[in-house]
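Let's take a walk through this model together, one part at a time. Keep the structure open beside you as you read.

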Amino acid sequence: MKNFTCISVNHKLCGQAFRSLFTFDSAQCEKLLFDVKDLSPVLICTCNRTELYFCGTPEEGIRLLCGHSGVEIAKLKRKVMIFTDKTAVKRLYSVSCGIESVVIGEDEILGQVRRAYDLSRERIGLSSEVNMIFQGAIACAKKIKTETELSKTSVSTATLAAKEAAHYKDNVRVMLLGASGEIGSLVLKNLLSYKNVTVLATARSHRNALEYVSDDPKLEIIPYEKRYERIGKCDCIISATSSPHYTVTADMLSDNENKLFIDLAVPRDIDPAVEKLAGARLIDMDFFTELAKENNLKKLDSVERSKLIIDEETDELEKQLMFHDFLPQFESLDRRLCEVSAKELFFRLKSELDSQTFGKVIEVIKEYGE
């Protein structure tokens, strides 16, 4: 686990505006990874965090993120969290199972970690140690979801956003931008579960990603380019795209917008000036950070149990990594042990190990003498 590092820009220290500076699209992500492919990097980018895991020094990671974001090194150092060696491994395990999420126990993060890992593994290749660390984190997250209540009755940003929209009026017409995306598809599923909600979803004309729900009578699908033509008939607009530009701008709307605007994108999808329109209300990811606190309090017991599992699993991983490093030496060790007496070996172990560890070694060896 030595030299394994995590550089984290996340919701605990940074607001949405700062986090958005480290939101990389797929092309930017691949370029960043290839720039340091010898360090076995994995980059996890979500709405609430950008985390770079790699084998190197914190300074290397900070320079890399700054170089690709344009943020000054001194500015990032004031906002970043740095984890090294075993603490970096535990950070990955904690992130993967959802205890570091805005909404504790949310399910989306495990899939995001897996996709980030797969991208690096397939495109640039990873060291055996980093492969073992990520495989262990994914397996541990599954174990926590099975053995604790962390993800039972799971609440996510998508469910919270849909609830806000559904409770906005007795009958709500929602326009959903980005319905075919990772977050948007979850929002759509939640919206359609409410009887008082109908949805107008946009889709790029060349995509058929919404076919799985296209026969739902409460859903209408229109081309993305037609959004402004239909926005006047909607009560709530939710945007969850990966667009580098605003999907909704204030200058394209009337001055009297009695609507709820929900922005689930980082960087922002919806022009902040929208909130200045008469009757308009705009909420974003920072709003959901506060909203999630009540859900998180209910899951504190599961968080503590999850931390114990993580301790157990990372300890097991550490032993596996030590064993893996030691494997090439087995053949020469066999020959050397034939030349060393058991008494000599035990005196060496006695001098090198603490009493508790030495006692465990004695107990294991005793079994072979019975």
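This is a predicted model: local features need pLDDT of at least 70, side-chain atom pairs count only at pLDDT 80 or more; totals for chains, interfaces and linings use all residues.

Aspartate 216 counts as partly exposed because its relative accessibility is 23%; buried means under 20% relative accessible area, exposed over 50%, and partly exposed in between, with a 1.4 Å probe and protein chains only. You will find aspartate 216 in the loop between strand 6 and strand 7.

Residues are numbered from 1 along each chain as its sequence is written, and side-chain values use heavy atoms, with hydrogens and water left out.

**The whole chain**

The chain has 16 helices and ten strands; these are DSSP runs numbered from the N terminus, with helices (H or I) of at least four residues and strands (E) of at least two. Its C-alpha atoms fill a box of roughly 90 × 40 × 35 Å along the principal axes. Of the 370 residues, 48% count as buried. Taking contacts (heavy atoms within 4.5 Å) between residues at least 6 apart in sequence, 68% join residues at least 24 apart.

Six strands form an open sheet in the order 7-6-5-8-9-10, with parallel pairing; two strands pair if DSSP finds at least two bridges between them. At the edges are strand 7 (219-223) and strand 10 (281-283), each pairing on one side only. From one strand to the next, the twist averages 20°; axes are lines fitted to C-alpha atoms, for helices over the stretch in contact, and angles run from 0 to 180 degrees between N-to-C directions.

Strand 6 (residues 197-203) is joined to strand 7 by five bridges in the parallel sense, and alanine 201 stands opposite isoleucine 221 of strand 7. Two helices pack on this sheet, as the table shows.

| Helix | Strands touched | Angle |
|---|---|---|
| Helix 8 (residues 157-166) | strands 5, 6, 8, 9 and 10 | about 175° with strand 9 |
| Helix 9 (residues 182-191) | strands 5, 6, 7 and 8 | about 165° with strand 5 |

**A hairpin**

Strand 2 (residues 42-45) and strand 3 (residues 49-55) run antiparallel, joined by four bridges. They form a hairpin with three residues between them. Here isoleucine 44 has glutamate 51 in strand 3 as its bridge partner.

**Helix 7 and helix 13**

Residues making the contact include Met132, Ile133 and Ile144 of helix 7 and Ile309, Leu317 and Leu321 of helix 13.

Helix 13 also holds threonine 314, which counts as buried because its relative accessibility is 0%. Leaving aside neighbours within four places in sequence, threonine 314 is in contact with Met1, Lys86, Val89, Lys90 and Tyr93.
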